[in-house]
Amino acid sequence: MMAPALMRLMLALAVVGCCAARQPGGRVDLWPMPASVTRGARTLYVARDLKLSTAGTGYKDGKAILADAFRRMVAVIQLNHAINGSYHGLPVLAGVNVAVRSPDDELKFGVDESYKLTVPATGNPIYARIEAQTVFGALHALETFSQLCYFDFILSVTGLHWAPWTIVDKPRFPYRGLLIDTARHYLPVPVIKSVIDSMVYSKLNVLHWHIVDEQSFPLEIPSYPKLSNGAYSYSEKYTINDAIDIVQYAEKRGVNVLAEIDVPGHAGSWGVGYPSLWPSATCQQPLDVSSDFTFKVIDGILSDFSKVFKFKFVHLGGDEVDTSCWTTTPRIKSWLVQHGMNESDAYRYFVLKAQKIAISHGYEIINWEETFNNFGDKLDRKTVVHNWLGGGVAEKVVSAGLRCIVSNQDKWYLDHLDATWEGFYMNEPLTNIYNPEQQKLILGGEVCMWGEHIDASDIQQTIWPRAAAAAERLWTPVEKLAKDTTAVTARLAHFRCLLNERGIAAAPLAGYGRTAPSEPGSCIRQ
């Protein structure tokens, strides 16, 4: 790990780089770094009434995905400054022409997210151009365009250096996730939406919503309304319409929402409303494997989920299952004996039965890695194994022909405050996986913001900027990733300050996660 004094020195040098980046010939401050970037040397000035043109495209934008994204982008580049300077005699970028080839605006896993962004240096009028197969690629292009812009304090207008630009880009992995946990601490809907907005800035595209756990069950389930009796309080709940609102908000920004119910463990809160789900009043989890009612409730939850969460995957957990309650509860022990099962057999039986229920509702399943470690050969062949315990698991998963998402806790758990951004950046999902066909089975990765010690007051500074380091690992072509994190320190510091300017409380780079500034000074220095 880099010594704090050396880190401060590197960040101090970043100040010089930041200033240079405002002039032709300076550093390219884009995050994550695109696949291909070329640029010129001319400065343009972005029109106050920057126009969106869709001339030459068959995309109808019936859901206003593109139009709304363009309005958000304009607001972001203006940074709430008064754009009241004179454009007289200045080369003005009048608008952005967006050509989307596909009329399909349904967000699906694996959707084409590629784009080409060009900003010419001359023209009458001058228009930037975005070409994308889908509207979701165009959204990424707008985000990249926004990072080319800056506010000119002398002229009081928005500037854009180094035209002409040509940027060709696409993601390295289709799954680039961030987990939030609303069971350990309730997160109000506006906070969740703010997290979604922040994900867009670094091109993350899956919000993994760990909705419930043993501590609380905050989501109302129409099929079994007493489940939300397990919420912390009457007000710390989400209605089903709240969930629909969150999903729609995310989808309009190119972000899928992955819902998780963790079964059979981590489910003590379920029995507050339905005590028969517990093995007993004094031994409350895992869920009662012997009861048909348990699986009827799971079926009801997933039936309701299928009307709300349109992502092709659902996460069924399956981790950290202590089965001792099954053998210490006489009626469940008798059931095990009757069915010729031991505790391990019952764990497998539960997970596989839950998988079949999810499949019946049209889902493909994600399970935490313990399911693979214990009975990987019995899992449904479409199962995605979510690696979290450590290294070496992903290569075993893909060798078995299953898909995998990487979230190894030593590198990509945001609640581990001693995990530095350098570790997040250098964590490679394809470690020791050399077969090209097996590499394709790694869908991507996910950084996990477990909620034991975070709530609405500190979630953003715990996520950022470390999640951004992982985001570049998941987006940028491997050959363009830095081999040494000192090569990207200044650029990430710039991005962290950009997040702050956009209202996202990203913490300083120097030190551990969620650290405070060590002394007065520029944002870039910290």
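## Terms and basis

Contact means heavy atoms within 4.5 Å. Helices (H or I, at least four residues) and strands (E, at least two) are DSSP runs, numbered from the N terminus. The model is predicted: local features need pLDDT of at least 70 and side-chain atom pairs pLDDT 80 or more, while totals for chains, interfaces and linings use all residues. Residues are numbered from 1 along each chain as its sequence is written, and side-chain values use heavy atoms, without hydrogens and water.

## The helix pair H7 and H10

In H7, Asp-292, Thr-294, Phe-295, Ile-298, Asp-299 and Leu-302 meet Tyr-349, Phe-350, Lys-353, Ala-354, Ile-357, Ala-358 and Ser-360 of H10. Helix H7 (residues 292–306) packs against helix H10 (residues 343–360) at an angle of about 35°, the axes being 9 Å apart. Axes are lines fitted to C-alpha atoms, for helices over the stretch in contact, and angles run from 0 to 180 degrees between N-to-C directions.

## The sheet

An open sheet of 8 strands has the order S1-S8-S4-S5-S3-S2-S7-S6, with mixed pairing. Strands count as paired if DSSP finds at least two bridges between them. Strands S3 (residues 92–100) and S5 (residues 126–132) pair in the parallel sense over 7 bridges, and Leu-93 stands opposite Ile-126 in S5.

## Residue Ile-211

Ile-211 lies in the loop between strand S10 (206–210) and helix H5 (240–251). Beyond residues up to four places away in sequence, Ile-211 touches several others, including Thr-182, Pro-218 and Phe-305.
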